[in-house]
Amino acid sequence: MMTVGTSRLWAMGVVLLAQLLLSPVASAKDDFLPPERAYRYTTRVEGDRVIVAWNIEPGNYLYKKKMGVVSAASAAQVREPLWPKGEDHTDEYFGTQEIYRGKVEVPVPFTIVGARPEKLALELRLQGCADAGLCY
């Protein structure tokens, strides 16, 4: 038979055990970079091309097949990006894929219908993962 004091100690022990078991998971989750830091990028215009330069943090990568550049303006037509050669990577979900690590520059040809705007709104599409197992 448990007394009030014994049941309180038992409950505190269960809570402490749960905290110990869950703390490595919470700690590992906190070690992952947010996507805006893991996959930073800059853009610049060179003639009729926008160059998108990604700086992919160590321990992270982007899937080439999951990347894209789309114009948000109807007057700007984006053509197929000139993807550089990546590296082969095999994972359990997508099999062997071409990925990018480190720094990668992607020229994106475009045409403008009418007057050339000062700014060109683009949507960057991507999917990447951390080597430690989190995918964005």
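1. Order of elements. From the N terminus on, the elements of the protein run α-α-β-β-β-β-β-β-β-β-β-β. That comes to 2 helices and 10 strands. Helices (H or I, at least four residues) and strands (E, at least two) are DSSP runs, numbered from the N terminus. The model is predicted: local features need pLDDT of at least 70, side-chain atom pairs count only at pLDDT 80 or more, and totals for chains, interfaces and linings use all residues. Residues are numbered from 1 along each chain as its sequence is written, and side-chain values use heavy atoms, with hydrogens and water left out.

2. Burial. The protein has 136 residues, and buried residues make up 26% of them. Buried means under 20% relative accessible area, exposed over 50%, and partly exposed in between (1.4 Å probe, protein chains only).

3. Helix H1 and Asp31. Helix H1 covers residues 4-31, and Asp31 lies in it. Asp31 counts as exposed because its relative accessibility is 62%. In sequence, Asp31 and Ala132 are 101 residues apart. In space, their C-alpha atoms are 9.7 Å apart.

4. Sheet E1-E2-E8-E5. This is an open sheet of 4 strands with antiparallel pairing, in the order E1-E2-E8-E5. Two strands pair if DSSP finds at least two bridges between them. E1 and strand E5 (76-78) stand at the edges; each has a single partner strand, so one side of each is left without a neighbour in the sheet. From one strand to the next, the twist averages 30 degrees. Axes here are lines fitted to C-alpha atoms, for helices over the stretch in contact, and angles run from 0 to 180 degrees between N-to-C directions.

5. The E1-E2 pair. E1 pairs with strand E2 (residues 49-56) in the antiparallel sense, over 8 bridges. Val45 has Val50 in E2 as its bridge partner.

6. Sheet E6-E7-E3-E10. Another open sheet has 4 strands in the order E6-E7-E3-E10, and the pairing is antiparallel. Which strands stand at the edges? They are strand E6 (87-91) and strand E10 (128-130). Each has a single partner strand, so one side of each is left without a neighbour in the sheet. The twist averages 45 degrees from one strand to the next.

7. The E6-E7 hairpin. A hairpin of 3 residues joins E6 to E7. E6 and strand E7 (residues 95-100) pair in the antiparallel sense over 5 bridges. Glu87 stands opposite Ile99 in E7, His89 opposite Gln97, and Thr90 opposite Thr96.

8. E3 against E7. Strand E3 (residues 60-63) runs antiparallel to E7, joined by 2 bridges. Leu62 has Tyr100 in E7 as its bridge partner.

9. The largest pocket. About 190 Å³ of space lies in the largest pocket. On a 1 Å grid over the protein atoms alone, a pocket is an open set of points where a 1.4 Å probe fits, with protein on both sides within 12 Å along at least five of seven lines; lining residues have an atom within 4 Å of a point. Grid points are joined across faces, edges and corners, and the volume is the space filled by probe spheres set on the points.

10. Its lining. Tyr41, Thr43, Arg44, Val45, Val50, Lys119, Leu120, Leu122 and Leu124 line the largest pocket. Strand E1 (39-46) and strand E9 (122-125) each supply at least two of the lining residues. E1 gives the most, with 4 residues. By class, the lining has 6 nonpolar, 1 polar and 2 charged residues. Ala, Val, Leu, Ile, Met, Phe, Trp, Tyr, Cys and Pro count as nonpolar, Asp, Glu, Lys and Arg as charged, and the others, Gly among them, as polar. Val45 and Val50 belong to this lining, and they are also bridge partners.

11. The disulfide. How many disulfides are there? The count comes to 1, where a disulfide is a pair of cysteine sulfur atoms within 2.5 Å. Cys129 and Cys135 form it, with their sulfur atoms 2.0 Å apart. The link of Cys129 and Cys135 is right-handed, with 100 degrees about the S-S bond.

12. Exposure of the two cysteines. Cys129 counts as buried because its relative accessibility is 2%. Cys135 counts as partly exposed, at 39% relative accessibility.
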